[in-house]
Amino acid sequence: MQELDRIWSMLRERNTVVPSIESLFDSDPQRGPRHTRQLGELRIDFSRHPLDDQSWSLLLQLAESRDLTQGIERLLAGDKVNISEGRAALHTALRSPSIAGRTGVSADIEAARARMYDFARALRSGTWQGATGESITDVVNIGIGGSDLGPRLVVQAMSGGDGPRLHFLSNIDGAAVHQITQSLNPATTLFCITSKSFGTRETLTNARTAAAWLGESLGLEQSQLAAHFVAVSANVQRATEFGIAPDRVLPMWDWVGGRYSLWSAVGFPIAVALGPDRFDQLLQGAELVDVHFGSTELTDNIPVLMGLLGIWHRNVAGIPGYCVVPYDERLTRLPNYLQQLDMESLGKSVDVSGQPLAQPSGTLCWGGTGTDGQHAFFQWLHQGTDPMPVEFIAARTPDHPHQEHHRQLLANLFGQATALMQGRSLEQTRAKLLDDGKSPQQAELLAPHSTFPGNRPSTIIMLERLTASALGSLLALYEHRVFVQSWVWNLNAYDQWGVELGKTLANRVEDQMQGDRSQPTEPSLTHWLDYVESGA
Ligand code: F6P
C-alpha cells in the first residue's frame, strides 16, 4: 500500500513538471514515431499527451505494483474475475481457440457457431423461407444494450449489401417498432430476439408486439410463425417458454458479459449481414489483440498503455471523461458502443471487496463523428474551461473512389489534433488580427475570444482500412483497456448492478399506472401520474 501511495504521489508531482505537450515535441523531434505503435492493422499514436518518459515509467510501476500481469493471466485463464456474480469473463475464448481449449469451452463455442453459420447461410442464400414459402429479405434484431450495440455497430460499419437487409429494434418506445414494421413485408421478415437473460422488459415487449404484428398481418396463429423467429440467449428455457422453437435458439453462456458478447451468437445479425467468412475475420482481428495482450511485456502492451493513459487523465490530471471521434461515417455508432463497454464496466464506486474505491474511477465516454462534430461540440473541446482527451479514429485507405474527400477528411483530423495541442496564445491572436487588417482597438477587443489554451491531449488510432479484422482488433483493444483500468482501480468490470434499481422502480410505477394503487405512489411522482392519466 505504501508503495502504491508513493507512486501515486510521484505521478501527481510529475503532472506539474511537464510544461506542455508541445514542449515535449520541441525537446524530442522523434517523439511522434517514438510514441506510435503498430498492432496488426492498427497504428496508435500516444505522443500528444503531457507525459514524458518518467511519467510513463511511473505509470508502468503502478501497473506492476498492482500486479497487472497476473491480472491479465487470470482474465485469460478463465478465472472468476466477475466476483460479485461468481463468473469468468471469457469473451476472449470466443475468438481464440487456444483460450477456449484451455478453459474447456471449445465444444460449446464450436457447436453454437456452426448452427449460427448454418442459419446465416440459409438466410443469405434464400433457402430459409417464411410461413408463406417466401425467402426472408429482412432480419430484425430485437435486443438492447449488449444485445444490440455491438451487432448494430459492426453491421453498419461493414454492410456489404449482399444478404438480407438488417434492422435493429431496441427502444421500448412504440414509435420504434411502429416505424420498423411499417417498412417491412411480414411474409419475408425474420425476427431475432437477442437477450442473454431473456428477461429484459424492452426486448420482450418488442418481441410480443412483433409477433402480434406478424400474426395479424399474415392471418396466422402464433404456432404457425416458427420460421419467422430465432432467439439468442443464455436462458434457453425462457426463450422456448416464450414460444421460440427449441431448434431456433442459439445459445450463449453466463461467462460472456452482455457488452462483451458480439463475438458469440449475439453476433448472429453480423453473420447474416456479412457472411461467416467475414465474421471469422472479425474474430481473427480480435484474437490478434488477445494474443498481444496476453504475451507482451507491459511496456509494449498497447491495451495496457491505453489503460494507463486513461488512469493518468482520470486520477492524475483529474479529467472525468474522454471523447471518441471517428472520422469515418461507417463508425457513427462507435461512441454509443464504447459508452456501454466503458461506462457499464467502470462506473463503479466500490472495489472488488465492497470497500469505497481509493481513487475516482470510470469516466464519461462520449463523442460523435468527424467532421460533423467539428461543427457542434468541438467549440467546447477547444475553448471550453475543461480539457478533455480526444481519441481520433480513421482509416488510412478509403473504400470509396472519392480521394479528395478522404484527403480533406484526414486533413481535418490532423488539423484538429494539432489545434488542440498547439492552441493559440493571446499575443499570437492579436498579431494575426492585426495582420488580417483589424485596427488595434478591434484586435484588443477580439483577441480574447479567438485564443485557444492548447495543451489539450489526443490519441490518433488509424486503421489501414476498415476491414472486419481491423474492426475486430479495434474493439478488442478497447475491451482490454477497460480491463486494465478495472484492475488498477481494483473494481469488477463485469457486473452492472447499477442498472437494476431504476428497472425495479419502472416496473412498480407501471403497475401503478395500470391502476394498482396497492403500493404507495412516490410522492414526487403522484402529480406526474395524475397528469399522464388525465391525457390517456
Ligand atoms: O442494461 C443492463 C443490461 O443488463 C446490459 O448489461 C445488457 O447488455 C442489457 O441489459 C440487455 O440484457 P439482455 O441481453 O439480458 O436482454
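Which residues in α7 meet which residues in α13? That was my starting point today, working on a predicted model.

**Entry 1: the α7 and α13 contact**

I listed the contact from both sides. From α7 come Arg 113, Met 116, Tyr 117 and Arg 121, and they meet Pro 276, Phe 279, Asp 280 and Leu 283 of α13. Sorted by type, the residues of this contact are 5 nonpolar and 3 charged, with no polar ones.

Then I looked up the geometry. Helix α7 covers residues 106-125 and helix α13 covers residues 276-295; their axes are 10 Å apart and the packing angle is about 140°. Over 145 degrees would count as roughly antiparallel, so I put α7 and α13 down as oblique to each other.

**Entry 2: aromatic pairs**

Next I went through the rings. I got 16 aromatic pairs for the structure. One of them joins Phe 119 and Trp 128, edge-to-face, with 5.4 Å from centre to centre and 80° between the planes. Are these two buried or exposed? Phe 119 has 10% relative accessibility and counts as buried. Trp 128, at 8%, counts as buried too.

I also checked Phe 191 with Trp 213. Their ring centres are 6.1 Å apart and their planes stand at 90°, so I noted this pair as edge-to-face. Where do the two residues sit? Phe 191 is in strand β5 (residues 189-194) and Trp 213 is in helix α10 (residues 201-218), so the pair ties together parts that are 22 residues apart in sequence. The cut-off for buried is under 20% relative accessible area. Phe 191 comes in at 1% and counts as buried; Trp 213, at 18%, counts as buried as well.

One more item for the ring list: Trp 366, Phe 377, Phe 378 and Trp 380 are linked by ring pairs into a cluster.

**Entry 3: arginines over rings**

I looked for charges sitting over ring faces and wrote down two cases. Arg 95 lies over the face of Trp 263, 4.5 Å from the ring centre. Arg 481 does this with Tyr 322, at 4.6 Å from the ring centre.

**Entry 4: Ser 147**

Last stop was a loop residue. Ser 147 is in the loop between β3 (138-142) and α8 (149-158). I looked up its accessibility: a relative accessible area of 9%, so Ser 147 is buried. What is Ser 147 in contact with, leaving aside its neighbours within four places in sequence? I found Asn 141, Thr 194, Ser 195, Lys 196 and Val 266.

Terms used: Residues are numbered from 1 along each chain as its sequence is written. This is a predicted model: local features need pLDDT of at least 70, side-chain atom pairs count only at pLDDT 80 or more; totals for chains, interfaces and linings use all residues. Side-chain values use heavy atoms; hydrogens and water are left out. Rings of Phe, Tyr and Trp (its six-membered ring) pair if their centres lie within 6.5 Å; planes under 30 degrees apart count as stacked, over 60 as edge-to-face and the rest as tilted. Buried means under 20% relative accessible area, exposed over 50%, partly exposed in between (1.4 Å probe, protein chains only). Helices (H or I, at least four residues) and strands (E, at least two) are DSSP runs, numbered from the N terminus. A charge sits over a ring if NZ of Lys or CZ of Arg is within 6 Å of the ring centre and within 35 degrees of the ring normal. Axes are lines fitted to C-alpha atoms, for helices over the stretch in contact, and angles run from 0 to 180 degrees between N-to-C directions. Angles under 35 degrees count as roughly parallel, over 145 as roughly antiparallel, 65 to 115 as roughly perpendicular and the rest as oblique. Contact means heavy atoms within 4.5 Å. Ala, Val, Leu, Ile, Met, Phe, Trp, Tyr, Cys and Pro count as nonpolar, Asp, Glu, Lys and Arg as charged, and the others, Gly among them, as polar.
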